[in-house]
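Reader: Could you put the model up so that we can go through it together?

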4 protein chains.
Amino acid sequence: MLIVMNRDATEEQVNGVIRTVELQGFTAHPIPGGERTSIGVLYNQGAIDEALFRSLPGVKETLPVTKPYKLVSREFHPVDTVVRVGDVSIGGDSLTIIGGPCAVESEEQVMAIAKHVKMAGGDMLRGGAFKPRTSPYAFHGLGEEGLQILAKVREAFGLPIVTEVMDLDCFDMVENYADIIQIGTRNMQNFSLLRRAGHAGKPILLKRGMSATVDEWLMAAEYVMTEGNPDVILCERGVRTFVKHSRNTLDLSAIPVVRRESHLPIIVDPSHAAGYRDQVMPLARAAAAVSAHGLMIEVHHAPETAKCDGGQALLPDQFDLLCRQMRAIFDVSASAER
Amino acid sequence: MLIVMNRDATEEQVNGVIRTVELQGFTAHPIPGGERTSIGVLYNQGAIDEALFRSLPGVKETLPVTKPYKLVSREFHPVDTVVRVGDVSIGGDSLTIIGGPCAVESEEQVMAIAKHVKMAGGDMLRGGAFKPRTSPYAFHGLGEEGLQILAKVREAFGLPIVTEVMDLDCFDMVENYADIIQIGTRNMQNFSLLRRAGHAGKPILLKRGMSATVDEWLMAAEYVMTEGNPDVILCERGVRTFVKHSRNTLDLSAIPVVRRESHLPIIVDPSHAAGYRDQVMPLARAAAAVSAHGLMIEVHHAPETAKCDGGQALLPDQFDLLCRQMRAIFDVSASAER
Amino acid sequence: MLIVMNRDATEEQVNGVIRTVELQGFTAHPIPGGERTSIGVLYNQGAIDEALFRSLPGVKETLPVTKPYKLVSREFHPVDTVVRVGDVSIGGDSLTIIGGPCAVESEEQVMAIAKHVKMAGGDMLRGGAFKPRTSPYAFHGLGEEGLQILAKVREAFGLPIVTEVMDLDCFDMVENYADIIQIGTRNMQNFSLLRRAGHAGKPILLKRGMSATVDEWLMAAEYVMTEGNPDVILCERGVRTFVKHSRNTLDLSAIPVVRRESHLPIIVDPSHAAGYRDQVMPLARAAAAVSAHGLMIEVHHAPETAKCDGGQALLPDQFDLLCRQMRAIFDVSASAER
Amino acid sequence: MLIVMNRDATEEQVNGVIRTVELQGFTAHPIPGGERTSIGVLYNQGAIDEALFRSLPGVKETLPVTKPYKLVSREFHPVDTVVRVGDVSIGGDSLTIIGGPCAVESEEQVMAIAKHVKMAGGDMLRGGAFKPRTSPYAFHGLGEEGLQILAKVREAFGLPIVTEVMDLDCFDMVENYADIIQIGTRNMQNFSLLRRAGHAGKPILLKRGMSATVDEWLMAAEYVMTEGNPDVILCERGVRTFVKHSRNTLDLSAIPVVRRESHLPIIVDPSHAAGYRDQVMPLARAAAAVSAHGLMIEVHHAPETAKCDGGQALLPDQFDLLCRQMRAIFDVSASAER
């Protein structure tokens with residue numbers, strides 16, 4: 001942290017700040033300047049309460065300098081993490097495509113959709129058995145029955161399964177069936193759930209919170225990693241802004257930023273970012289163009305009957321075309337990094 | 001919902017939309033206009049998938065018309081809900097002041113602060129035994145020991161206790177000690193926790209999510225109420241915006257909006273909104289001026305030693321002055337409503 | 001507009017609203033519903049003061065239905081507008097690339113950069129002679145001397161020139177030299193400047209305001225078109241959000257939305273959206289992937305000496321690679337539309 | 001500025017950064033730390049191009065340290081600026097109330113409203129003769145006729161006049177009639193207009209841009225002051241956020257922040273922040289509670305006939321009650337500062 005003093009701060013005030021820094025067990029490094037003195041705080045472990053220093057006499061401002069995360073940081077782990085699930089991997093130099101319905105509704109439905117996903121060259125199947133919904137009156141998923149359907153479909157098509165966990169109570173059950181356990185946007189800072197995820201034997205797909213900074217998101221991944229689970233996949237899905245023509249605003253600059261800051265793989269969910277079918281395809285292509293490690297896209301063979309978010313699901317033909325476009329764009333884009 | 005057709009939509013397209021509306025069990029009411037046809041959707045229960053209708057041929061736009069909540073709505077329950085805890089009440093025509101530390105650190109600490117809160121005329125005591133923190137390396141609270149300290153202090157000063165619950169696992173324990181159970185910002189859409197709160201025998205203080213609309217917030221309260229708990233207190237604590245000079249941007253217009261839409265009491269937490277001590281007092285006075293039903297404010301007798309958010313806690317003298325100011329302002333403001 | 005009445009609105013209140021609608025010269029169309037009455041307002045020309053109706057007794061809410069723009073709307077002009085400048089065109093099925101420095105600094109500088117732009121296959125040259133800057137102490141451009149340099153470089157390389165106009169006073173001068181006149185982000189709602197642009201004999205490149213909705217942006221274009229200038233090119237350049245890892249958040253969903261709503265061409269400026277060089281290339285590729293009609297990108301042969309925004313300018317080699325990537329991605333993406 | 005190096009930055013990279021700092025004429029002050037080296041940049045005049053340094057090899061991040069403004073800063077001018085207009089003043093220890101219609105519509109209208117403003121104890125009259133409107137089809141004001149009406153009303157009631165200037169062309173005319181010249185939200189970074197305002201012989205009321213940071217707003221005031229006009233009044237009027245229940249989100253924390261950073265007076269416009277009449281009164285009281293130096297509020301005696309923003313204008317009785325409430329709250333709040 002850097003503590004910036006007022007122009008007219010007295011020596012006594014500067015010394016008072018230095019004493020407080022040292023009382024907290026840190027080292028103070030004063031930097032005399034033309035206009036004012038600043039004080040660097042060194043050797044701190046963990047977060048410092050900025051507001052505390054800002055309220056000391058003579059202090060104008062405080063600025064955080066070092067990033068608060070460690071295990072997720074590329075500085076501590078320079079090589080890309082590649083998460084492997086059976087034959088499929090996420091991370092490194094390939095593009096992984098996950099397709100499937102928003103919610104598991106029936107065996108027939110998931111079978112029909114999985115067939116299309118497989119034929120289009122999708123790598124994994126998504127589908128929710130537990131659905132967090134804004135309204136208590138909406139469809140909340142089939143629960144364990146949904147997980148059993150997913151397991152059957154995996155059997156039939158050899159597609160690994162990504163499905164969401166909503167709370168501590170159903171974690172064991174979801175962990176038992178899933179290949180990758182998804183933690184949703186609204187749970188990104190459900191710290192108890194993150195700690196439990198750290199003890200899971202399966203990779204965690206961690207969606208970005210609706211108004212989370214990249215730092216907060218990486219700190220949420222740090223929760224999972226500190227408990228011992230090294231396999232975290234980050235998923236950008238749009239943030240909330242003043243813009244109302246899409247459900248959320250997809251923050252694609254987060255992909256190069258995360259790739260620079262962290263070794264963890266990062267994928268994109270354009271379906272929830274867009275919220276409308278006609279925006280999903282362009283945004284999915286854009287995600288491939290910024291070199292995301294993968295995409296997770298909603299597909300439905302009969303969206304007008306879907307119990308959840310049918311209006312943002314792609315039709316099988318659209319998904320098929322899109323897969324080909326995304327892989328071509330990803331290859332073109334990769335030429336930039338070499 | 002209102003479905004707006006394109007100017008050049010064909011009769012066939014209009015009829016297609018009407019058929020889809022009716023297939024979902026709703027009633028369609030076409031409104032011919034000068035430029036284009038619109039179609040009202042009537043008699044729907046619960047949410048409609050807007051995006052589904054927006055993707056039908058000939059449809060330009062869809063607009064939600066009715067609000068999705070029922071039990072929390074003033075239309076269904078015109079009289080103000082007043083939540084009572086012993087002799088203290090929140091809601092109706094009075095201003096309820098809750099003060100205390102961010103986190104319970106020790107018995108001495110809470111006793112010292114509670115004494116100041118009591119002397120300044122505070123109505124309740126706040127203090128966290130379980131602390132959600134952005135970093136896994138930060139102080140996370142004393143747990144049950146903290147709850148026991150709060151119980152002792154309640155005994156000593158007769159102040160009811162507000163404390164936070166973080167997950168399903170510790171809910172029974174918190175419910176056992178607390179007078180009011182707080183659900184924090186990051187858990188506003190932790191729907192499993194909300195359902196559990198609906199079965200609690202204690203009132204729930206529900207903080208607004210960092211980027212939640214008032215509709216989403218009221219729907220979260222609806223989750224609690226549908227499970228049978230009528231005592232929900234809403235707490236505005238600032239939303240995330242592009243502004244960085246305060247930790248969050250306090251959305252005071254939410255208070256008149258919630259008071260018009262809902263019968264539930266609404267209070268304000270200026271400490272977390274501001275994040276810096278010198279902004280807390282003006283924002284607290286502003287909350288009294290918009291006729292919030294109460295305030296929850298962080299107070300610490302020795303903030304420079306606080307384990308959590310010391311920089312935003314008021315000193316006892318500041319809290320004392322502020323209580324007098326807030327009550328005077330609330331009285332002046334109330335004259336507007338009469 | 002749709003006016004939604006309270007559930008318990010009286011017949012008298014409904015009639016009061018209808019009378020007010022009719023007093024304003026509009027037609028009221030009441031829609032009786034299960035729970036409440038709504039009233040459609042038909043045949044209105046131009047904007048209605050929503051807040052006025054919302055303050056009438058018995059009214060719960062008002063919802064705008066029709067879009068406020070006409071000339072820019074695809075409904076009124078279904079065919080894509082293609083803006084032509086000499087041999088170059090923007091709009092329709094091609095990708096137009098505009099490159100160049102942030103500011104014109106010297107003839108040598110612009111000549112050197114223009115050579116690279118030309119060799120990389122760029123279609124036009126950008127460069128500012130008048131620079132709007134947040135600080136009064138920053139470099140504000142060379143003025144007419146800068147325009148003369150641009151004219152010389154155009155002569156030398158045959159690249160049409162895009163340059164910014166800052167105010168009414170310098171409009172004639174800029175119009176005299178430029179091939180396309182840029183109106184910057186901070187001037188998007190400088191309505192006097194927009195009207196003047198409507199009388200210009202050159203196409204207008206209209207950047208989106210930092211917090212403008214698509215509707216407001218299209219209304220700004222409508223100002224230009226109502227005065228008689230049909231050649232408006234829209235330019236997305238990122239919006240302001242809570243996100244701080246990039247200078248702005250590029251809103252790529254705006255491209256499919258604008259392409260559906262309007263016939264005007266829309267291009268993307270990834271340089272100002274990103275603010276940092278390492279984000280410019282991925283975002284530029286993403287813009288090609290969402291089928292923008294063009295891109296405007298900052299290039300500098302010696303960015304460490306640039307007087308303005310050197311840190312976001314691409315090096316010539318990067319620009320060269322990027323041009324090839326963008327054209328390849330645009331072609332792949334176009335296959336979606338067919 | 002502080003330049004933070006990577007953990008594994010080489011000595012050569014550190015020296016490269018130091019050299020670049022020195023090449024730009026600044027002084028580099030390296031700060032060795034436990035984990036990494038940081039480099040302070042001293043003695044810089046004006047803004048530094050952060051992105052330039054961030055793109056040098058070995059650099060992890062750059063942090064601005066000193067604020068970019070000078071003349072507006074309290075550090076350079078510790079005493080409150082009080083702007084005087086005849087007998088009325090804005091700034092220091094008093095609360096100044098400005099009331100009036102959104103737009104001047106007729107002499108009768110302004111006379112009727114001014115009478116109410118005067119009787120309620122208002123200090124100044126507002127009213128627009130030139131109206132910036134989102135739509136080219138809306139009412140844009142009476143122009144000079146409107147200014148003449150304002151002058152007559154000033155004569156009749158002795159109320160100084162605040163009115164908006166829209167562009168360079170009408171500046172002389174507005175300056176001729178107005179007592180205080182308003183620069184609107186959309187023109188906050190119209191730098192040509194700001195420079196012209198710096199040569200005006202009248203005080204400038206500078207509204208905050210819809211998505212402007214406090215730093216950018218103060219820099220806009222700095223433009224006016226560098227040209228020689230010391231009388232700038234800042235006006236907070238709400239910022240654009242994801243929140244849609246009010247037209248804008250009033251950022252009341254900006255008042256204590258501006259009062260600490262700058263000596264300039266700051267007032268609040270709750271009418272445009274709210275957009276709906278029922279929110280204006282609570283927000284106006286809140287503005288008095290945060291110790292703003294004044295308020296500017298829309299009043300109309302017949303809002304249902306207003307040509308502009310009638311739905312947010314207070315009725316005369318409401319304005320009268322509000323004035324009494326605001327003055328009482330301002331007095332209570334002032335006791336905090338003593």
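Predicted model: local features only at pLDDT ≥ 70, side-chain atom pairs only at ≥ 80, totals over all residues.

Reader: Ok, chain A then: which strands close into a barrel, and in what order?

Author: In chain A eight strands close into a barrel in the order β7-β8-β9-β10-β11-β12-β13-β14, with parallel pairing; the twist from one strand to the next averages 30°. Strands here are DSSP runs of E with at least two residues, helices are runs of H or I with at least four, and both are numbered from the N terminus. Two strands pair if DSSP finds at least two bridges between them.

Reader: How many bridges join β11 to β12 there?

Author: Four bridges join β11 (residues 204-207) of chain A to β12 (residues 232-236) of chain A, and the two strands run parallel. Within that pairing, L206(A) stands opposite L234(A).

Reader: And chain C, what does the barrel order look like?

Author: The barrel of chain C also has eight strands, with parallel pairing in the order β7-β8-β9-β10-β11-β12-β13-β14. In chain C, β11 (residues 204-207) and β12 (residues 232-236) run parallel and are joined by four bridges, and L205(C) stands opposite I233(C) in β12(C).

Reader: At what angle do α3(C) and α4(C) cross?

Author: The axes of α3(C) and α4 (residues 144-157) of chain C cross at roughly 35° and come within 10 Å. The crossing is right-handed; a crossing counts as left-handed if the near helix is turned anticlockwise from the far one by less than a right angle, and as right-handed if clockwise.

Reader: Which residues meet there?

Author: From α3(C) they are E107(C), V110(C), M111(C), A114(C), K115(C) and K118(C), which meet I149(C), L150(C), K152(C), V153(C), A156(C) and F157(C) of α4(C). Residues are in contact if their C-beta atoms, placed from the backbone, lie within 7 Å. By class this contact has eight nonpolar, no polar and four charged residues, where Ala, Val, Leu, Ile, Met, Phe, Trp, Tyr, Cys and Pro count as nonpolar, Asp, Glu, Lys and Arg as charged, and the others, Gly among them, as polar.

Reader: Switching to chain D: how far apart are the axes of α6 and α7?

Author: In chain D the axes of α6 (residues 191-198) and α7 (residues 214-226) are 6 Å apart, and the helices pack at an angle of about 45°. They are therefore oblique to each other, given that angles under 35 degrees count as roughly parallel, over 145 as roughly antiparallel, 65 to 115 as roughly perpendicular and the rest as oblique. The contact is made by residues including F191(D) and L194(D) of α6(D) and A220(D) and Y223(D) of α7(D).

Reader: Now the chain contacts. How many residues does the contact of A and C take from each chain?

Author: That contact takes 37 residues from chain A and 37 residues from chain C. On the side of chain A, α10(A) gives the most, with nine residues, and by class this side has 23 nonpolar, eleven polar and three charged residues.

Reader: What rotation superposes A on C?

Author: A rotation of 180° with 0.0 Å of shift along its axis superposes chain A on chain C, at an RMSD of 0.0 Å; copies are superposed by least squares on the C-alpha atoms of residues with pLDDT of at least 70 in both. Of the residues of chain A, A286(A) comes closest to that axis, at 2.0 Å (C-alpha).

Reader: And D against A, how many residues are in contact?

Author: In that pair, 20 residues of chain D are in contact with 20 residues of chain A. β3(D) gives the most to the side of chain D, with three residues. Chain D can be laid on chain A by a turn of 180° and a shift of 0.0 Å along the axis, with an RMSD of 0.0 Å, and that is the relation of a two-fold axis. Since 100% of the interface residues of chain D are also interface residues in chain A, the copies meet through the same surface.

Technical notes: Residues numbered from 1 in each chain as written. Chains lettered and ligands numbered in written order. Axes fitted to C-alpha atoms, helices over the stretch in contact; angles between N-to-C directions. Contact = placed C-beta atoms within 7 Å.
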